[in-house]
Every structure is written in C-alpha cells, then in structure tokens.
Amino acid sequence: MDLIKKIQDKSAVIGVVGLGYVGLPMAVAVARKGYRVLGVDVSTHAVTSVNKGENYIGDVDDDELRDLVAKGMLSASCEYDPLSEADIIMTAVPTPLDKYQQPDSSYVRSSTDSLAEVVTEQTLIILESTTYPGTTREIVMPALENKGFVIGENMYVAFSPERVDPGNQSFHTANTDKVVGGVTPKCNAIAKAFYEAILDAPIHTVSCPEVAEMEKIYENTFRNINIALANEMTILCERMGINMWEVIEAAKTKPYGFMAFYPGPGIGGHCIPLDPFYLTWKAREYAYHTRLIELAGEINNSMPEYVVQRAIKMLNKRGLSISKAKVLLLGAAYKKDIADHRESPIERVIKELESLDVHFVINDPHVSSFHNEFNGKDYTTVPWDRIKLTDYDIIIIITDHKWYDYQAIVNTGVPILDTRNATKGIKADNIVLL
Ligand SMILES: NC(=O)c1ccc[n+]([C@@H]2O[C@H](COP(=O)([O-])OP(=O)(O)OC[C@H]3O[C@@H](n4cnc5c(N)ncnc54)[C@H](O)[C@@H]3O)[C@@H](O)[C@H]2O)c1
C-alpha cells in the first residue's frame, strides 16, 4: 500500500532508532497518535526500561509511557530485525565530537549500516541527529544504495532536525515547528505527511537534506555565538563596574532587533557546545575557516576559569586564600531543572578548582553522580540535608535550579558567586553576580 495512505489510516508501523533524550519523547509522541512504534537501542538498560514501561527521560510522562507499553503501542529491542516491519524509521543516535574536536559520525554510520541490512522496499528513513551538511547524502544514502535501493523510487530518505529543548515547559517535540528536507520531492511529501500526522505544529519543507542539516547547525551556532557575546560583555562589565544583567534587562525592552542571551559559567549539553564544530570541520573541506565560531568557542570555554578567578577575588577581599577555602558548588546539570549533566560547565570548574587543591562539595537535587570528561574522574553530589551552608567560605551557583530556596541561601550571609542571576530580585551584600 502507498506510504501516505498507511500514514492516513494509521496502519504505518514506525521505527525509532536511539531511545535517548530525543528518541524516547519522539517514540511516545508517535505512539500517542495511534501508530505502533518499534524502538531500537544498543543500550540494554534503555530497552529493558522501555519494555517495563519505566521512564528514564525527564520530559516523558511516566504514566503515559507505561500505558502505551501496556497497550502494545510501544516496544523496544536491541536487535534491528523487528524494523523490517517498519514503514517509517527515525534515527536519533549521538553525534559527539572525538578527542580532536572532530565529528564522530560512527553512531550514524553504524546505525545506518544496521538499518540497511533489515529494511524493505517502500520505507522512509529520516535522520534526526544533528550533524554537518552532507551527512544524509554521504552516509545514509550510500548505505541504502549499496543494498540496491533507489532513493525516491523504492526507498525514501529525509533529514529532519530535532529541536527538543529538555526542561522547556512550553515547547516540546509535538508542538514545535518541524523542518524537513527530503532527497527527492516524493521523499519530502511522505515525510511531511508523516510529521503532519504526528505533530501539532507546522511542517516546513526545504529543497534538500543539506538545507535542513545546515539550518539546525545555524540555529545552534546562533545560540553559541550570542552566548559568547554575552560572556564577553560580562567580563568587560565587571571591569567597568557595570551590572551586565541589568544591561540585558534594559536592552530587552527594544521590541525588535534584539534577542536576550545570558552569560554563565560556560555552555553545556549535547548540542550547543558541539554542533558548531561539526560545521567548522566541514568548512575546512571547502577551504573556509569559520573564525567567528572558533572565537565564540574560545570565549565560552574560558568561562569556567573566569568563574574560579572571580571566586578567588571574592575570597581574597575577605583575606582568604582559595586553597584554604571550603567551596560549595550548587548545580551540576548543564542547565536548570533538568538532570542532564553532559558537557556541563561544572566539569571545567572542577578541573580548575582541583588544580588549585581546593576543597569543594557539590550539590544538585537532580544529579546524584556524574563522570567528568575533562579529568576522567567520577563525582558524587552531596544531598541537601547533609549540607550546612554556613560551613562554607563561598557558594558558587553553577545551575539555577528552581528547586533551591535562594532567599534562604542568601540569608546565611555566606558569600555567593551567582553565575546565573538566580538570586534576581534579592538584594544583599553577600551576592556577587558574574
Ligand atoms: N538532547 C537534546 O536536547 C537534543 C536536542 C536536539 C537534537 N539533539 C540531537 O539528537 C541526537 C541524539 O541526541 P540525544 O540527546 O537523544 O542522545 P542520547 O545519548 O540521549 O540518545 C542516543 C541513544 O542512541 C543509542 N545508540 C547509540 N548507538 C546506537 C546504534 N548504533 N543503534 C541504536 N541505538 C544507538 C544510545 O544508546 C542512546 O540511548 C544527537 O545528534 C543530538 O545532537 C539532541
């Protein structure tokens, strides 16, 4: 039967490869719309959890997942074989950087190779992982063509970037506009029909996968560079004795031509710090050096060190040396109200503190332990009820989780270095804003 017809009558079976922060919410969104979903992941933990109806992603509703699994609408496997039954397959596997800061496309490559072994004719394959322009054409298409499929005739391929913003209470997978770039007009038409059926948001088709791949990297590079600008302005403002946070509030009153970005202890997560460097790498193939992206990365990466320098300054003013100080770090997640600590700026802050032999304790209500990629060590956070705030010489707010009672923290009188303006609205001499 025609794929569009199968989408319309909901008989289409949907595959989701990679059941992580992107894949699992997507799998749930699709199953919620009445399609049977087959998830595949190499992680036995992810697969076992899904099949038990146990949620492990912040933005997925526990009850809904359990219900969809119980009804047989969502199941998972470590094997690719069940995907021979799928009509549409979305892939959301990791796209990290390697130790040389170059794209590690091995996950996209191996998942595509595994898919090519099992898919049958008249299937639509959509890559959702964020990656450099050209990936769909250079990695996904050849794997399928080598198996004899003809793209646009008996196999369909598109790239559609995922825009999920973990922790965002207003926008999630289902209500965020979707961009789709198919290899041929027919690929585009099927992908558009599919997303229209499962999402409650407009679908914007573009002429080819490269445009869709590039627009996603552009979105994230835009954020990266604007955060770098806010960080640079902050460093200057401190020297000039100007409150940068007040500057931003004032600039925000302009109804056009300005968009607020905020300084912080550095950037984190699986997207903003990494994605621009996918482009930087690809640009070299075209003999182009993306200077602005490199510079933004340099500024953002210097922020954890800058935070420690500011803490040293605060302690020195009180006649204390950082090596003898007791430091409390609040927040290990890369952004507020979530548990994701991948690439969190705390990793570099810790590395810096350890190089100075500083005694520090970490608390995060959402993160109990984490691995620090920068020094290869594991860290455990200390539960809040075991922390006596007045035992510390300085508190550094790394992540502005809503969970914290900032007024109570300020009331202890302990010097606070607030890197996120979490204490906004509270006036006290012991607060120093980044
Ligand atoms: N996390 C976000 O906020 C976000 C937002 C937009 C886009 N993205 C992009 O989406 C992609 C996925 O990101 P994520 O945060 O969901 O990653 P994740 O690490 O949370 O999930 C990826 C999953 O893929 C699985 N996997 C790895 N190799 C596999 C293979 N060969 N076959 C099957 N499964 C495999 C992993 O076990 C993991 O469960 C990345 O390209 C990322 O840049 C992420």
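This report walks through a predicted model of a protein with a ligand, from its domains to some single residues.

Let's start with the overall layout. The protein is divided into two parts, domain 1 (3–210) and domain 2 (222–433). Their C-alpha centres lie 34 Å apart. To the contact between them, domain 1 gives 17 residues and domain 2 gives 13 residues.

| Residue | Protein atom | Ligand atom | Distance |
|---|---|---|---|
| Val22 | polar backbone atom | oxygen | 2.8 Å |
| Tyr80 | N or O atom in the side chain | nitrogen | 2.6 Å |
| Thr95 | polar side-chain atom | oxygen | 2.5 Å |

How much of the ligand's accessible area does the protein cover? On its own the ligand has 830 Å² of accessible area, and the protein covers 90% of that.

Is Thr112 buried or exposed? Its relative accessible area is 6%, and buried means under 20%, so Thr112 counts as buried. The side chain of Thr112 reaches the backbone oxygen of Val108 at a distance of 2.5 Å. If we leave aside neighbours within four places in sequence, Thr112 is in contact with Ile139, Val140 and Ala143.

## An enclosed helix

Now turn to helix 2 (residues 23–32). Nine of its 10 residues are buried, so helix 2 is largely enclosed by the rest of the structure. The buried ones are Gly23, Leu24, Pro25, Met26, Ala27, Val28, Ala29, Val30 and Ala31. Just after helix 2 comes Gly34, which takes a positive phi of about 95 degrees.

## Residues in loops

Loops can hold buried residues too, and Thr423 is one to look at. Thr423 is found in the loop between strand 14 (416–418) and strand 15 (431–433), and it is buried, with a relative accessible area of 3%. Its side chain makes a polar contact of 2.7 Å with the side chain of Asp418. Beyond its neighbours within four places in sequence, Thr423 is in contact with Ile397, Tyr406, Val410, Asp418, Ile431 and Leu433.

Val358 sits in the loop between helix 12 (346–355) and strand 10 (359–363). At 8% relative accessibility, Val358 counts as buried. Val358 and Lys326 are 32 residues apart in sequence, and their C-alpha atoms are 7.3 Å apart in space. Not counting residues up to four places away in sequence, Val358 touches Ile322, Ala325, Val327 and Leu353.

Another loop residue is Thr184, between strand 7 (178–182) and helix 7 (185–198). Which residues does Thr184 touch, not counting those up to four places away in sequence? The answer is Ile151 and Gly152. Between the C-alpha atoms of Thr184 and Ser105, which are 79 residues apart along the chain, the separation is 24 Å.

## Positive phi without glycine

Finally, let's look at two backbone angles. Gln101 is a residue other than glycine, yet its phi has a positive value near 65 degrees. Gln101 lies in the loop between strand 4 (88–91) and helix 5, and it is partly exposed, with a relative accessible area of 46%. Asp337 is not a glycine either, and its phi is positive at about 65 degrees. You can find Asp337 in the loop between strand 9 (326–330) and helix 12. With a relative accessible area of 25%, Asp337 is partly exposed.

Notes: Residues numbered from 1 in each chain as written. Predicted model: local features only at pLDDT ≥ 70, side-chain atom pairs only at ≥ 80, totals over all residues. Heavy atoms only, no water. Polar contact = N/O pair within 3.5 Å; in protein donor to acceptor, adjacent residues only side chain to side chain. Areas by Shrake-Rupley, 256 points an atom, 1.4 Å probe, with all protein chains shown as cover. Buried < 20%, exposed > 50% of the residue type's maximum accessible area, 1.4 Å probe, protein only. Contact = heavy atoms within 4.5 Å. Domains from an automatic or database assignment. Helix = DSSP H or I, 4+ residues; strand = E, 2+ residues; numbered from the N terminus.
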